[in-house]
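Morning, everyone. Please look at the screen while I bring up today's model.

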Amino acid sequence: MATAEKTKILVGLGACGIAAGAQRTMDSLKQRIDELRMDNVELGVSGCMGMCYREPLVEVTLPGKHSVVYSGLTEERVDRLLDEVVSKGQIIEDWVAKADDMAGSEDAFFEKQHRIVLRNCGKINPENIDDYLEVGGYTALKKALEQMNPEQVRDEVTKSGLRGRGGAGFPTGIKWGFCAGAPGDVKYMICNADEGDPGAFMDRSVLESDPHAVLEGMAIAGYAIGAKQGFIYCRAEYPIAIRRLGIAIEQAMERGFLGDGIFGTDFSFKIKIKEGAGAFVCGEETALMASIEGRRGMPRLRPPFPAIEGLWKKPTNINNVETLANISWIINKGGDAFAALGTEKSKGTKVFALAGKINRGGLVEVPMGVTIREVVEHIGGGIKDGKRFKAVQMGGPSGGCIPEELADTSIDYDSLNRTGAIMGSGGMVVLDESTCMVDTARFFLNFTQEESCGKCTFCRVGTKRMLQILERITEGKGREGDIELLEELAATVKKASLCGLGQTAPNPVLTTIRYFRDEYEAHIKERKCPAKSCRALITYKINPDICDGCHVCHRVCPVDAVQGDKKEVHSINPDLCTRCGLCKERCKPGAIFIE
Amino acid sequence: MDTSSIPSSSGNVERVNLDVLDEIIRQHGAGSGSLIPILQKAQDAYGYLPKEVIERISRSLLVPSSSVYGVVTFYAQFRLKPVGKHIIRVCHGTACHVAGAEKITEAFARDLQVADGETTADRLFTLESVACVGCCSLAPVAMIDGETFGRLDGRGVSKVIKRYRRQERKD
């Protein structure tokens with residue numbers, strides 16, 4: 001409950017919000033508040049609230065009242081918000097997404113979530129350190145430095161059972177122990193923010209919405225391993241995250257939470273941001289370090305492991321953004337509290353970027369052990385447009401497709417591995433009946449093939465050959481024996497590649513063959529795409545009973561494939577049609593269908 | 001003042017000041033760890049990485065120009081050719097792919113009369129495909145310069161292009 005005299009308005013300015021028009025909402029609010037001389041209103045910025053599907057989101061807290069989050073708040077709605085909510089103190093119920101003291105329309109979205117990593121996201125202003133301090137920021141660092149020695153910090157994290165959230169799932173406390181035990185005075189602590197999986201935006205949202213939590217986690221990790229210098233390796237594609245990290249580092253330096261002699265102890269820790277330059281493989285530890293050193297980001301053989309010989313040949317520890325965002329919570333509340341959540345071998349929570357053919361896409365954080373179905377159907381609100389739930393793609397290009405029949409699989413490292421997919425970094429893309437699984441495999445192979453650094457022959461050439469086979473299958477030119485050939489190549493690429501990229505690149509192919517072999521066979525033997533998605537295998541047709549001869553399809557067709565005069569039933573010439581879909585998109589009566 | 005001829009974004013060859021680059025190099029220091037940040041800042045300044053810029057970086061950092069080219073061609077971010085005034089990046093992440101990103105690229109290519117990866121004859125637009133811009137819930141998405149456009153379709157693409165063209169005529 002707000003005790004302040006002023007009305008507080010927070011606009012969610014994460015990348016998703018901005019893309020949905022939140023910056024224009026912000027500008028408009030600023031202008032109108034000025035014009036109307038509403039002096040008792042304090043306008044601020046917040047990060048990602050997670051409800052991407054309801055953006056732009058604006059949170060309003062009237063003096064002495066609970067906060068209410070309004071959704072779909074485009075600039076056109078600003079005047080009504082200021083008039084009814086801010087001036088008259090009413091609630092516009094139709095726009096309410098979430099309210100602390102009443103049933104909001106989005107309760108189902110939050111009900112099964114448990115927010116540790118996202119605890120501050122969308123609640124605090126990421127550009128103001130005071131907001132972070134108000135919610136207990138940097139108290140964990142203080143506790144670690146004043147009351148614990150580095151070994152106790154590592155033990156607490158080990159006790160929590162936290163495993164690396166970048167995908168591999170190695171126990172974080174044990175990893176820290178390797179680096180702490182390595183000989184050498186100079187050690188480095190790196191935060192891996194090179195979130196490259198297509199369909200994943202967990203780390204971006206955390207960096208944009210709660211950058212200090214990551215800095216605090218890094219400083220604690222630095223203390224635990226004996227590093228004085230930290231680096232954040234962040235994708236250049238995340239300009240807002242980079243800017244907010246820069247502001248956060250500057251503020252933390254000013255207040256003495258970073259720098260020399262933190263909290264009057266002899267511990268010093270500084271952080272530099274390194275911008276990536278667009279190479280997916282740089283998410284791999286050794287490639288990432290090569291990139292910071294200014295070289296081509298190519299992985300190298302391990303051992304020596306980074307903990308012994310890492311950045312500039314010094315012992316180095318690398319953790320993912322989400323892993324680090326958990327640390328201050330664990331130090332403050334204790335490893336046992338964290339370990340109380342989740343399953344026997346997978347503790348705590350996991351953040352997922354829920355996207356694809358789903359009603360409520362966004363950023364969700366659930367305790368380990370909930371099922372895929374709970375996430376898709378309960379939190380995500382099921383499939384869009386009433387279509388059938390077909391599969392979820394988890395773990396991006398390294399992961400796989402889990403079919404609907406296995407949707408009751410528990411979300412933990414081991415159960416997911418058994419399906420052939422992986423936990424991955426948290427991308428969860430929901431696929432419906434209109435998604436072709438062969439095309440999905442082709443899509444990921446195209447990605448890994450392009451991103452392969454080229455060092456290992458099996459990854460460089462093997463993924464290319466696999467892609468060629470998948471391309472010919474989707475083009476209706478598949479041959480008998482292609483599925484077996486894919487399986488053979490997949491096994492070899494997995495075995496003979498040096499780094500995770502090559503070792504996992506065949507997973508999307510293997511899982512789709514395992515669960516959707518009939519779709520591959522339909523493409524090869526019957527020359528049909530059951531999902532009606534592969535262009536070479538479909539035909540656009542017009543239903544004469546529905547067509548009203550409005551002529552729009554004829555007008556929009558870029559290749560003049562639609563024939564027929566106005567007010568007459570039209571038809572499509574399949575020889576001219578390029579299957580661009582413009583006609584179907586524009587047909588008002590819905591007469592155009594795919595066969 | 002050290003100048004060298006490089007083509008400007010308008011296509012004309014003009015004398016361009018390499019002092020800007022020298023200042024960037026001075027700020028970052030000449031260690032090998034500075035190579036990528038220097039290339040990034042140089043590309044920001046010149047729009048792409050002309051031969052002269054790469055050679056000057058090579059001499060200043062004492063890194064063979066072959067190695068500099070090695071780094072430049074390894075990372076997707078770096079460009080050896082000039083680009084259009086506006087860069088259109090069509091997202092081809094997983095969520096956008098299943099939402100029809102391919103058709104969005106096609107629509108841009110059709111409206112602009114260029115192939116993916118190329119620049120229009122008037123040097124106003126460059127069309128690119130990118131892996132993921134992380135706005136998955138707004139799929140399919142395209143970014144033009146810094147601005148993101150979500151939930152696109154063929155008609156939306158035409159509208160966006162028209163808006164930019166109108167703005168250009170005004171300027």
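Let's start with chain B: into which domains is it divided? There is domain 1, residues 3–74, and domain 2, residues 86–170. Their C-alpha centres in chain B lie 29 Å apart. Keep in mind that this is a predicted model.

Now the interface. How many residues of chain A are in contact with chain B? The count is 54 on chain A, and they meet 38 residues of chain B. Together the two chains bury about 3400 Å². Carbon and sulfur atoms carry 57% of that area. Look at A:Ala277, A:Arg296 and A:Phe443. In chain A, these three lose the most area to chain B. Together they make up 16% of what that side buries.

Between chain A and chain B we count two salt bridges. One of them joins A:Arg24 to B:Glu147. The closest N and O atoms there are 3.7 Å apart.

The largest share, five residues, comes from α17 of chain A.

Last point: what kinds of residues make up the side of chain A that touches chain B? They split into 29 nonpolar, 10 polar and 15 charged.

Conventions
Residues are numbered from 1 along each chain as its sequence is written. Chains are lettered from A and ligands numbered from 1 in the order in which they are written. This is a predicted model: local features need pLDDT of at least 70, side-chain atom pairs count only at pLDDT 80 or more; totals for chains, interfaces and linings use all residues. Side-chain values use heavy atoms; hydrogens and water are left out. Contact means heavy atoms within 4.5 Å. Buried area is the accessible area (1.4 Å probe) that two parts lose on being put together, summed over both. A salt bridge is a side-chain nitrogen of Lys or Arg within 4 Å of a carboxyl oxygen of Asp or Glu. Helices (H or I, at least four residues) and strands (E, at least two) are DSSP runs, numbered from the N terminus. Ala, Val, Leu, Ile, Met, Phe, Trp, Tyr, Cys and Pro count as nonpolar, Asp, Glu, Lys and Arg as charged, and the others, Gly among them, as polar. Domain bounds come from an automatic or database domain assignment.
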